[in-house]
Amino acid sequence: MIHHLPYQGAYDWPAMLGFLRARAIEGLEVVQGDTYARTFALAGGQGILSVCPGPAGHLQVQLQGAEQAQLPQVLARLRRQFDLDADLSLINRHLARDPLLAPLLAARPGLRVPGAWDGFELAIRAVLGQQITVQGAIRLAGKLVAVHGRLLASPDPQWPGLTHLFPTPQVLSTANLADLGMPRSRARTLSAVAQALLDDPLLFEPRASLQQGVERLLQLPGIGDWTAQYIALRQLRESDAFPAADVGLFNAMARLQGLRPNARQLLARAEAWRPWRGYAAQHLWAAMG
């Protein structure tokens, strides 16, 4: 099945694809040419989806294995994951008032905030990324998928690298994850996040406000403000989420203004970016290459 998802305004697909390529988990995701593909599992079914540029103003989606009844859910997830409903003209006008951000916006007018296919998967990725590099986190995630993920029932010869489904919370809540080569405290956090989702199936659904969403996540063992804000930005789709203690943001500000801020100073500067601080953060991260 092929579908076309419309969006308004500019879309920086190379930037989105670069983000996904750098974080692609072996066995679960692959970037090939201008196309992103991954395995997925929904209630009662599993399959492979791929996304690439389509006709003007659209992304093209190809689905294999999805039932017709699952189609609305799949397409809604993809709209969130690829940030198709953002009003970039409004966001960019607001952020361009800051002379620090104005040239970044001019250079990348179609930059969007990557989302997540699944909240649990995103939370596990975020915990794996605590205090290590993106590359280190992705290697750990690959081990996690290889050891604890299910094999894809019907592999596709077109995508030989797609072999596994992401582990379920039922599996990770009881698995001995420290054997994968991570600190035991982090392994306990992963299991605690999995159990929390089993206890509260709406754990990664948007709340009434950014504050409520972050506060709920902060109740989880091992989840600090950086991780909570990151999940709020990419999964809860809170456009004002802002991980102010992020080293990448500190480095970007140091490069752009010649002075490295601390978290308090960065939060003060970011007040002018509300309610689009998450988009400002994405531009700052992109400026670091």
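1. A quick definition before anything else: a charge sits over a ring if NZ of Lys or CZ of Arg is within 6 Å of the ring centre and within 35 degrees of the ring normal. Keep in mind that this is a predicted model. In it, the charged end of R23 sits over the ring of F19, at 3.8 Å from the ring centre. You'll also find R77 with its charged end over the ring of W117, here 5.0 Å from the centre.

2. On to the rings themselves. The structure has nine aromatic pairs. Take W276 and Y279: their ring centres are 6.3 Å apart and the planes make an angle of 75°, so this pair counts as edge-to-face. Both W276 and Y279 are buried.

3. One cluster brings together Y7, Y11, W13, Y36 and F82. If you look at F82 and skip residues up to four places away in sequence, F82 touches Y11, W13 and Y36, and its list of partners also includes M16, L20, V51, L59 and R112.

4. F82 turns up again in the core. The largest nonpolar core has 93 residues, and F82 and W273 are the ones with the most contacts inside it. Helix α5, residues 119–128, gives this core its largest share, seven residues. Apart from that core there is another one, made of six residues, including A37, I48, L152 and L165.

5. Now for helix α13, which spans residues 277–287. How many of its residues are buried? The count is eleven of eleven, and the helix is mostly covered. After α13 comes G289, with a positive phi near 85°.

6. Last, an arginine I'd like you to look at. R186 belongs to helix α8, residues 184–199. Which side chain of opposite charge is nearest to R186? That would be D246, and it is 13 Å away. A salt bridge needs a side-chain nitrogen of Lys or Arg within 4 Å of a carboxyl oxygen of Asp or Glu, and R186 has none, although it is buried. As for what R186 is in contact with, setting aside neighbours within four places in sequence, the residues are V127, L128, Q130, Q131 and I132.

Methods:
Residues numbered from 1 in each chain as written. Predicted model: local features only at pLDDT ≥ 70, side-chain atom pairs only at ≥ 80, totals over all residues. Heavy atoms only, no water. Phe/Tyr/Trp six-rings, centres within 6.5 Å; stacked < 30°, edge-to-face > 60°. Buried < 20%, exposed > 50% of the residue type's maximum accessible area, 1.4 Å probe, protein only. Helix = DSSP H or I, 4+ residues; strand = E, 2+ residues; numbered from the N terminus. Lys, Arg positive; Asp, Glu negative; His and termini not counted. Contact = heavy atoms within 4.5 Å. Core = buried A, V, L, I, M, F, W, Y, C linked by side-chain atoms within 4.5 Å.
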